[in-house]
Structure formats: C-alpha cells, structure tokens
Amino acid sequence: MLQEVAQKETGDLVINVGPQHPSTHGVLHLVITLNGETIKKVEPHLGYIHRSIEKMCESLSYRQFIYSTSRMDYLSAHINNHACALAVEKGLQIEIPERAQVIRVLMDELTRLASHQLWWGALAMDVGAITPFFHAFREREVLNDIMEETCGARLTMNYMVPGGVMFDLHPNFQSRVKDFITLFKSKLPEYDELVTGNVIFQNRMKQVGFISAEDAVSYGCTGPTLRGSGVSCDIRKHHPYELYDKLQFTEPLETGGDCWARYLVRMEEMRQSLHIVEQLIDNIPEGEFQAKTKAVLKLPKGEFYSRVETARGELGVYIVSEGGLTPYRIKFRSPGFSNLSALDHMARGQKIGDLVAIMGTLDLVIPDIDR
Amino acid sequence: MFITKYLSEVFGGLRSLLTGMRRTGYYFTHHKNIITQQYPNEKPVLAERFRGEVVMLHDDNNEHACTGCTACELACPNATIKIVTKFDLTPEGKKKKAIDKFVYHLELCTMCNLCVEACPTGAITMAPNFEHSVLNRNELTKVLNKPGSKIREGVE
C-alpha cells in the first residue's frame, strides 16, 4: 500500500530492508525511499527485539539487575556491567580496591578489542569479502577463551559486581594475555594487508556516508562515529573513571567524517587498547578483588548517573532511587540508538549499495538500540 | 590523461588484490595448526569455571551442605530456584528444618552465578556441562538433591 502510493505520486520506490536481513546485523527494519538507485530517505523501524530491560530492572535488586545489561550490547558486555556497577557504587559510596580496578580496566579493554575484531570481520563481510571474517574470529576466539577461563562465560560474563569483580583472576590469565598480545601484534599487519590496503575496499569507504562534526554532535553521535568527524569525545579522557587518568593512551581522531575515517579510528583504537593492556598486565597489584559490601544493597534516596566508553560510544546509566531495595527508575543512554539516528543523514544521496557500508561503520548492535 | 588514470587505478586495484591473495595463499600452504574442532567427535575442553548449569555437591556418603536457607532463591533474578522444605526429627526428638526438594529450572536459568555467590555453605556450584538439549521441556526442571541424601553433620 505504502509502496503503491509513493510510486504513483513521485515515482519513488519504497523498499523494506529487514527485519530479517543479514546485513542489518540483527532485527533492524529499514524503510528506504529510493529514486533509481539513489537513497532519498532511510527510516529505521525499531521494536523487533524490545525486551523492556529498563522496566525489568525496576523489579530486580541492585545486585540482580546487572546481569540483564550484558544482553544489551552483548559485544561489550563487560563495559555495560561496569557502567551499572559504577552507578551503584556511586550511590553506596564505597571505595574499590586497586586490584579490582585494574582487573576491570583490563577486562574492558580486552572486550573492546574483541568487539572491534568482530566489527572488522563483519564490515569486510558486509562489503563483500568473506575471508577477513574468519581471520577476525580466529583471534577473537583466543580472547573468548581467556574470558571463559577467568569469568566463566564467553559472551555474557556478569563479572562486574558492585564492589569489584566476582572472582579473582585465573592463575593463567597473565601468561595467556601476554601470549595474545604477541599473537595479535603479529596479526594486525595482516589485517592491514588484507583489507586496509585494498583499493576496492578503500573505494567502497572513501567519500561515503559523510557527516560533518556539527551534524554528528547535533545527532548525539558518540564514540568512533563522532571521532571520525574530528570531535574529541572519549569518556576515558574527558571524564576518567577507574584508572584511566593514570594510563598512557591517545584518542585517535580523523577529520574525514566518512566511512573511511571511522574505519581508521577503530583500527587505531585496537592498537590503543592493546597498549593499555600492555601497561597493566605486568602491574596487577596484590590485594582484594572485591570490597566488602552488605548482603542486601540499599541505595540512598537520590539520582545517580555514571558514564563509560563502550566499544560503540558513550553509555550512560541513570538510576533514580527511592531508598528501597529496587531502583525506582533506570534509564540507559545507549550509544547505538543515537548513532543509528544519524544513518538517515549519512545515507541521503548515496547509492543503495553504500548503505551496507555505512551501517557497517556505524557498528550497530540492535539489542543495544532496542533494549 | 583519463586513460592513464583509469589504467593506474585498475592495476593498483589488482596489485592490492594480489597482496591480499598472497596472505590467503600463505594460509593455504601453511595449514599446520588447524583451529576448527570437529565437535561431536572431538569434545571441547571447557574451563573449570565455565558456567553451564547449577549442581549440588554431594560427598561419598550421599550428604550435601544445603540447609534450606533460601538465600539462592532470593538471589536469583529469574525465579529459577524453588526450595521445598520439610521438618526432620532429630534423635533428641526436636524438629529440624531440612530441604525436601531443591527444584532447579534450567530453562529459566541465565547462568549469572548469583546463587552460587549467595550460598553461605557452598552447597551449590556451577558445572561445565553444556549439552542440555532434551526432547521434552519438562526434563529441564531438575531436582538437584539426590534421592535419600541428607544434610552433612555440622553444617548449620
């Protein structure tokens, strides 16, 4: 019906991409208005994977609700849990032992690496190259094994708890991470050789999906999407949490604003994450891995907000407490939702084949957008 | 001018393709460490901390350490655990609370480990089993305490 009306009036073609399309990385439904092969409008329709996590959290206690946030942005599950733990700790006003802080930062950065590896493989597959996907997953598997050994799960770890982390590090952790660092350092040039240097891939990325710094800010983009437009926005730099103010790393910035700039930012972020892990892995202090907390957590009346940098951008956790056992209201400011809102702006005037490349560099995780 | 630009683009593209293909060719000829596992024939080695399902620990005398305090039931976010208690008679003739059934709904469990953390006596733990598929959904509801088992002496 919609298609017929549009076709009769303007000669435009309205097509649906998704919700079961493989290149939307999940159940995202896009209604695209086309003029020939040129995109006139992209309209994302959400709601296919809405699980009402925010509402569910209102009936769970402050210890229990953290596990469900691993199911939002499942590729950076540690970082989501970290944000929730930080918000609860802000309310409880407890000090985190230094060992727990180091473990948390290490796990965050390893998760970021794993997430970017998957993004790299999936992006290359979206634009038509199959092999990089297997290369990326080969290295990601090593990281998953490390996570499994220490946290007990491969994807939804639930490792960060209010007051620290759930278990101590596994005795093999240090040696295995060091092995991974040497392995990944030898494999990163391979990534560049396979994909970054490829002229066909560059042509798919350059001058595609441009967004200016002003527009990106006004759409609320964060993370590598905004950094690709040349705006410094790393929460780890601007509002450091845990140990990030003591660590040496740079925030990669590109001024292109197109898919290629976002690609380069993420590739550089992998190197920076590796650099952070290298700094910490030999300097894990001895001590407690969890601060002493009460069996039943009660937050005082008030509002608590914490923000962290996930692999996709800024994640904010906003808790309103009435002083009871469960939060009165929880709101997650997820990076994917704001980044998706810029998709229409980026895709207008581009060819329909470029839409997949634009979505790939936005690094969409649909459960994070829909929650 | 256009022709030279076009040709240089074509040959540049070809060269970069060959660079990538060289990497593929390297792995084609150096396939010593195969990382794929042939799953049903080759069982994966899981980490000891891997969370596959909740089990109750029993010793050789068929005794467990569960007092029926329901700390795990309260800690569970999904109502996975239901503890049915009964009253045993001690040799002195006093009534003592003990578990009758430790019902565990595997189909609801998200393996978050909060019940194991909450247990004050260390009666339950996570086991690295992952082959949970059954033909009937009712088989996923399990009673964790073995038949005839009782609480270990000295566990309060």
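Author: Begin with a single pair of residues. This is a predicted model. Within it, Asn35(A) has Thr38(A) of E3(A) as its bridge partner.

Reader: How many bridges join strand E2 of chain A to E3(A), and how do the two strands run?

Author: Seven bridges link E2(A), residues 29–35, with E3(A), and the two run antiparallel.

Reader: In what order do the strands of this open sheet lie?

Author: The order is E1-E2-E3 in chain A, three strands with antiparallel pairing. To find the edges, look for strands that pair on one side only; here these are E1(A), residues 13–17, and E3(A), residues 38–45. Direction ignored, neighbouring strands of the sheet are turned by 20 degrees against each other on average.

Reader: Now the helices. At what angle do the axes of H4 and H5 of chain A cross?

Author: For two helices, read the distance and the angle between the axes. The axes of H4(A), residues 77–92, and H5(A), residues 98–126, come within 8 Å and cross at roughly 140 degrees.

Reader: Which residues of H4(A) meet H5(A)?

Author: Ala77(A), His78(A), Ile79(A) and His82(A) do, and on the H5(A) side they meet Arg104(A), Met107(A), Asp108(A) and Thr111(A).

Reader: How is the size of an interface usually expressed?

Author: It is often given as the accessible area lost when the parts come together. Here we count residues instead: 21 of chain A are in contact with 21 of chain B. On the chain A side, the elements giving two or more residues are H6(A) (131–151), H7(A) (173–196) and H8(A) (199–205). H6(A) gives the most, five residues. The classes on that side are eight nonpolar, six polar and seven charged.

Reader: What does the radius of gyration say about chain B?

Author: Compare it with the value for a globule. With 156 residues, a compact globule would have a radius near 15 Å, whereas chain B has 28 Å. Along the principal axes, the C-alpha atoms of chain B fill a box of roughly 105 × 35 × 30 Å. Buried residues are 20% of the chain's 156.

Reader: How many helices and strands does chain B have?

Author: Three helices and seven strands. Read from the N terminus, the elements of chain B go α-β-β-α-β-β-α-β-β-β.

Key:
Residues are numbered from 1 along each chain as its sequence is written. Chains are lettered from A and ligands numbered from 1 in the order in which they are written. This is a predicted model: local features need pLDDT of at least 70, side-chain atom pairs count only at pLDDT 80 or more; totals for chains, interfaces and linings use all residues. Two residues are in contact if their C-beta atoms, placed from the backbone, lie within 7 Å. Helices (H or I, at least four residues) and strands (E, at least two) are DSSP runs, numbered from the N terminus. Ala, Val, Leu, Ile, Met, Phe, Trp, Tyr, Cys and Pro count as nonpolar, Asp, Glu, Lys and Arg as charged, and the others, Gly among them, as polar. The radius of gyration is taken over C-alpha atoms; the globule rule is 2.2 Å times the number of residues to the power 0.38. A residue is buried if 20 or more other C-beta atoms lie within 10 Å of its own, exposed if 12 or fewer, and partly exposed in between; C-beta atoms are placed from the backbone. Two strands pair if DSSP finds at least two bridges between them. Axes are lines fitted to C-alpha atoms, for helices over the stretch in contact, and angles run from 0 to 180 degrees between N-to-C directions.
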